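Please look through the sequence and the model before reading on.

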Amino acid sequence: MRRKFLGWMTAAVLSGCLLAGCGSGGGDASSFHYVPPPGPMPPPQRPVSFRIPAYNAGDQAVLVFTPVSKDEFDQSGNTIQINAVNARQSECAEDHSHAKGTFADKCGLNESIRSFDERVGLERVRERSELLRPREIQPRWDGLPKGTPGELFHPLADKVDSKIEVVKMLDDSQTVHCNILAESGVITEADALQLAQVFDSANPFDPTAPGTIGLYDRITGICGHEWQNNPVGGRDGDLRVNLVICSASTMAIEGGFVFGLVRFADIFGTDIDPVSNAGEYVYINYEALAVPGGNPLQNYSLYGTLAHEFLHLVQMNAKVGEEGTFPHFDPQTPDPAHSAYTLSERRTMAEGFAETMATLCGYGVHKALDASPTGGADLLAYDPINLFLGGESLIAPGMTGITTVGSNFWTPFLEEGDPYGIGHLFGLYLVDRYGAEKWGELTRSRHRGLLNLNAVLGLEPEDVFHGFNIALHASSLAGVPPQYDLSLLRPGGLNNYRPLLSDEPPIFHNLLTAGFVVSSEPTAWIEKVVPPWSTSLFRFIGGDGSALNLDIVLPLKSRASLIHESPAGTFSDIQ
């Protein structure tokens, strides 16, 4: 889901649309303080040493520390101790060369992670899932002429006791993969046809085939499709996806409005969820995102939002409905829509991957490094990244976001926090490092979170996340190796974003990364406690040509690498 709240905030989808807030505040690194929650004894620790033989004036060394935990729900802090000394002779306590892609300590996937995801009583679930499978159903919207009216339950969770009235805007002969259902007076037939063509067959900003392939074929080609079979047409019997064009008043929430959403309640019949619209629907706030009669650049955020939301619909089928079989879902839960959302993916990856999909379709931050008149990132995707990195909002000046120091990647489902920025960056790193096809497997795998990374990539999640943390810093350096480069964005460097609802040239912007920094020291003894699955950088400056030696002690499964910049800003090596 994308939503606007006091300028810009985010939301999760629950029972149609449960809105969870976004944390504000932040603070600079010098005031960083993390109080770990009470818990069991700290995990076993291990020593690691790094040595730069010639550490010159003007050089910089950055220690990238990746704290971890037993699973996504463990908030226990990680303690790291660092003794940084110039001109001290020492031998490495352990071969720890991440640049070679190996670690001496391979502990394997935590069994607590695996057991948590597998502890679902699958036989009982399979038996009960029979309740979810419609046997035969007549199409609800397919085959009806344009102008046909109908009613739907309200898209927003706090208004589902009411309904909205919609009209089918186009005949079946005018569309391929979608029906356009609109509230009265919100969209013209000409604009509805233009939107259908972008979705069906002619996305003007597709990265490889502009104007000749639609959002539908691009997304389904990478990630799979919405519910289409068992029965034919999915829950509602429609072969087309139903795009619901809503007014800003319909999508209004306290202090703002929702840009778009998919209701996870809609995957069920009304016998399971009485307020389900029982079909494959995407709800779009057209009045907030579109310029009526406008050109593609003016409607750039509209098309990006549609790509984002459609991936949610695809994932709902891939991870929950599984083409109408529901093999891993228990419908007899207190809140089926909540259960469906959490089963589809951990929240950070669900929302971040939807943003990544928009980027792969030519929206999101696909054009962040393009300074031409038609370049620039979608501000709705770019600003959450800016906020996550510690910047001030570009949409709501004065509002700040969460810096990475103190921010857990696995944002708890109902905790204050914004998963969009970090989740999007993580998705971009995975696409660059492992390819769009492998990333697509992550979006449709029935696994979630850490287990999903392990099952699809065949790697320890700690190593995957540590590579991401390295890239967050290294991608802004000159001469960075490809495996640590973010090809579409420059954290710590100049980027471009598009003004909303405009075809004006893009605006230059420098993304900050100060929020990563736990400390900056010439040489020092440092002891810090940081939250798990966060990004922590320790900068060391003031070289004099002698050796720099780092002796550190860190938890057994956490990761650390040292980047040497010579001079500062230029990648030299990593160990």
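Is Cys 361 buried or exposed? Cys 361 is buried, with a relative accessible area of 0%; buried means under 20% relative accessible area, exposed over 50% and partly exposed in between, with a 1.4 Å probe and protein chains only.

## Basis of the model

This is a predicted model, in which local features need pLDDT of at least 70, side-chain atom pairs count only at pLDDT 80 or more, and totals for chains, interfaces and linings use all residues. Residues are numbered from 1 along each chain as its sequence is written, and side-chain values use heavy atoms, leaving out hydrogens and water.

## Cysteines

The structure holds 0 disulfides, a disulfide being a pair of cysteine sulfur atoms within 2.5 Å. Cys 223 is in no disulfide, and its nearest cysteine sulfur, that of Cys 361, is 8.6 Å away. Cys 223 also counts as buried, at 1% relative accessibility.

## Sheet

Strands S12, S13 and S14 form an open sheet in the order S12-S13-S14, with mixed pairing. Strands (E, at least two residues) are DSSP runs numbered from the N terminus, and two of them pair if DSSP finds at least two bridges between them. The edge strands are S12 (377–378) and S14 (507–510). Strand S13 (residues 494–498) runs antiparallel to S14, joined by 4 bridges. Asn 495 is opposite His 509 in S14.
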